[in-house]
Amino acid sequence: MFFDTHAHYDDKAFDEDRDSLLAALPEAGVTLVIDPGHGGIDGGAQGADGSRESDINLAIALKLRALAEFYGQDNIMTRQDDSTKSDTPNYSEHRDLECRTEIVNEAPNPVLISIHQNCFPTGVPSGPQVMYAATQDSEELGKLMHGNLIRSLAPENRRVAEPASKGLYILSHVSCPAVLVECGFMSNFSDMENLKTSGYQTSVAAVLMGSYLQYRTGIQST
């Protein structure tokens, strides 16, 4: 099963697709944890036009949460806006990561999607990439999600899903299926032109949601 973010559905057909997919979900009580990377005083990477990674991450995350609500999926977010404790003068990036990790590990039966943007010294690299944790089922989810992102949004991209480095704190300290999605490159002009638009952000969120549902139902892309 493959989610085409550019397809047009009539309401009845869309509802039928949604209902059949939801009927295949194996068990209740799974919590989708959506982590919009950075926030507050920590803006993350910055585009040439001054765009902040944290703002783009949050925009995509909020759209993903809206889709999760539409599909009736339990979910929580590690931040819902940009007015977080990281605005305080004694902000600690490490403590912020610890707090986010605590949210994930305390959630009932969690699955983590952490949303970020990439950056490089030159503007050449482009496109999305998924990193997956060493925890059970993370590789399955990561490869499924990466393949869907490439097919839907960046068919020319030859990048592959990769194991997360130990330097990615949250993915190294959670015990659940977990992936970190680099949705694009802040350093690439074309990526940035897309990432700043609501339509493209919705497309990214739709692929992430579709991949999550595919993972939960065991339905693979073709």
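Me: With which side chain does the side chain of S54 make a polar contact?

Reply: This is a predicted model, in which local features need pLDDT of at least 70, side-chain atom pairs count only at pLDDT 80 or more, and totals for chains, interfaces and linings use all residues. Residues are numbered from 1 along each chain as its sequence is written, and side-chain values use heavy atoms, leaving out hydrogens and water. A polar contact is a pair of N or O atoms within 3.5 Å; within protein, one must be able to donate a hydrogen and the other to accept it, and residues adjacent in sequence count only if both atoms are side-chain atoms. At a distance of 3.1 Å, the side chain of S54 makes such a contact with the side chain of R52.

Me: Is S54 buried or exposed?

Reply: S54 lies in helix α2; helices (H or I, at least four residues) and strands (E, at least two) are DSSP runs, numbered from the N terminus. Buried means under 20% relative accessible area, exposed over 50%, and partly exposed in between (1.4 Å probe, protein chains only). Because the relative accessible area of S54 is 1%, this residue is buried.

Me: Which side chain is joined to that of Q80 by a polar contact of 2.7 Å?

Reply: Q80 belongs to the loop between β2 (75–77) and α3 (93–106). Neighbours within four places in sequence aside, Q80 is in contact (heavy atoms within 4.5 Å) with L58, L62 and R65. The polar contact of 2.7 Å joins the side chain of Q80 to that of R65.

Me: How many residues of strand β6 are buried?

Reply: Strands pair if DSSP finds at least two bridges between them. Strand β6 (residues 178–185) runs parallel to β3 (residues 110–118), with six bridges, and pairs with β4 (residues 129–132) in the antiparallel sense over four bridges. Strand β6 is largely enclosed by the rest of the structure, because the number of its eight residues that are buried is eight.

Me: Which residue is the bridge partner of V33 in β3?

Reply: In a regular strand the side chains alternate between the two faces of the sheet. In β3, P110, L112, S114, H116 and N118 point one way, and V111, I113, I115 and Q117 the other way. Strand β1 (residues 31–36) is joined to β3 by six bridges, and the two run parallel. Within β3, the bridge partner of V33 is L112.

Me: At about what angle do α4 and α7 pack?

Reply: Axes are lines fitted to C-alpha atoms, for helices over the stretch in contact, and angles run from 0 to 180 degrees between N-to-C directions. The axes of α4 and α7 are 9 Å apart, and the two helices pack at an angle of about 140°.
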